[in-house]
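Biologist: Let us go through this model together. I will ask, and you answer from the coordinates.

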Amino acid sequence: MIVRTVLGDIDPADLGLTLGHEHIYAVPPPDVTDPDLFLDDEALAQRELDLFAAAGGRSVIEMTTIDYGRDAAVMTRIAAASGVHLIAATGYNKGKFADRISSTLTTDAIAAWMIEEIQHGIAGSAAKAGLIKASSSLDGPGPHERRVFEAAAAAHQATNAPISTHTEKGSWAIGQVQLLGDHGVPADRILLGHLDLKPDLGYLREVAATGAFLGFDQFAKAKYLADADRIALVVALVADGHSHQIMLSGDMARRSYHQAHGGGPGFAHIPTTILPALASAGLSSTDIEALAVGNPRRFLAFDPVAT
């Protein structure tokens, strides 16, 4: 079993404290005009990783996709300079950004491209993707988004790489598990993103019952929900027996969220603020270790298929 980073495969035991869904460098498409969304300064991206490492962070799942300005060369350089493991995603964001590309390709071609990026490298580079991204819009996928899910399932079957998803406001999470499952993907190879954008405990319990990993990845975004309320949801789900499924992050895709850009609280928020707050809320050290280290390790680890 390995975890595939942009600098090469590592032992899963070396992953350490891991953020489950982040954006460190991104150059959005031309129709995105908000300057806050442009994470296009390599030096500041490295600085953000340095701050994360100083806070005890070790690894970041970088979910920026090709349709949103992913840059394998930058990821390789800042990972090497900071010492933080970066796990890159192949696949696509939601249709708002990705349909302009995915609509021009067959499902088989999308799957073949994903497989190439996992097994051989991104855009001809030595940096390989370590997981697959598929995304749905509010309450379900459009036709091209659905085909990306089908392609992601095929790429998983061919590579064993895990799949991480974008749900729009936490919606259609169970549908994602069902669609991927219909195409042969076990639930425990799926990480469902942004579930804390739908903070309904009854709904979250239904999602947890699928057996998929649960992404609580909007920490620090008080405009959606106070961190204290996110923590209460995590504590409740842990009490239900789901400590082995939950992963934490901030999905900090804006300059104003990054300390290095003069904003905050940055990638250090999970290790410096949220983990102590979970302890104060009653979680054991064993549970916290699972959320921050053990669950990302189990999710990301796979046996690569020989090529």
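Modeller: Aspartate 50 is in helix α1. This is a predicted model: local features need pLDDT of at least 70, side-chain atom pairs count only at pLDDT 80 or more, and totals for chains, interfaces and linings use all residues. Residues are numbered from 1 along each chain as its sequence is written, and side-chain values use heavy atoms, with hydrogens and water left out. Helices (H or I, at least four residues) and strands (E, at least two) are DSSP runs, numbered from the N terminus.

Biologist: Is aspartate 50 buried, partly exposed or exposed?

Modeller: Buried means under 20% relative accessible area, exposed over 50%, and partly exposed in between (1.4 Å probe, protein chains only). Aspartate 50 has 26% relative accessibility, so the residue counts as partly exposed.

Biologist: How far apart in space are aspartate 50 and alanine 268, C-alpha to C-alpha?

Modeller: In sequence, 218 residues separate aspartate 50 and alanine 268. In space, their C-alpha atoms are separated by 9.6 Å.

Biologist: Why do the buried residues of α1 line one face of the helix?

Modeller: An α-helix has 3.6 residues a turn, so residues three or four places apart point the same way. The buried residues of α1 are Ala45, Glu48, Leu49 and Phe52. Seen down the axis, they line one face because they fall within an arc (of the directions from the helix axis to the C-beta atoms) of 95 degrees.

Biologist: Which residues are exposed on the other side of α1, and what covers the buried ones?

Modeller: The cover, by contact (heavy atoms within 4.5 Å), includes β3 (18–22), β4 (59–62), α2 (72–82), β5 (85–91) and α9 (269–280). Exposed on the other side are Ala43 and Ala54.

Biologist: Which residue caps the N-terminal end of α1?

Modeller: A polar contact is a pair of N or O atoms within 3.5 Å; within protein, one must be able to donate a hydrogen and the other to accept it, and residues adjacent in sequence count only if both atoms are side-chain atoms. At this end, a side-chain oxygen lies 3.1 Å from the backbone nitrogen of alanine 43. The oxygen belongs to aspartate 41.

Biologist: How do helices α3 and α5 pack?

Modeller: Two packed helices are described by the angle between their axes and the distance between the axes. Axes are lines fitted to C-alpha atoms, for helices over the stretch in contact, and angles run from 0 to 180 degrees between N-to-C directions. Helix α3 (residues 95–102) and helix α5 (residues 143–159) have axes 9 Å apart, at an angle of about 75 degrees.

Biologist: Are α3 and α5 roughly parallel or roughly perpendicular, and which residues make the contact?

Modeller: Angles under 35 degrees count as roughly parallel, over 145 as roughly antiparallel, 65 to 115 as roughly perpendicular and the rest as oblique. So α3 and α5 are roughly perpendicular to each other. The contact is made by Gly95, Asp99 and Ser102 of α3 with His144, Glu145, Arg147 and Val148 of α5.

Biologist: What is the phi of tryptophan 172, and where is the residue found?

Modeller: Most residues other than glycine have a negative phi, and most peptide bonds are trans. Tryptophan 172 is not a glycine, yet its phi is positive, about 60 degrees. The residue is found in the loop between β7 (163–166) and α6 (173–182).

Biologist: Is histidine 194 buried or exposed?

Modeller: Histidine 194 is in the loop between β8 (190–192) and α7 (201–208). Its phi is also positive, near 65 degrees. At 3% relative accessibility, histidine 194 counts as buried.

Biologist: Which side chain is in polar contact with that of arginine 230?

Modeller: Arginine 230 is in helix α8 (residues 227–239). At 0% relative accessibility, arginine 230 counts as buried. The polar contact is 3.0 Å, and the partner is aspartate 227.
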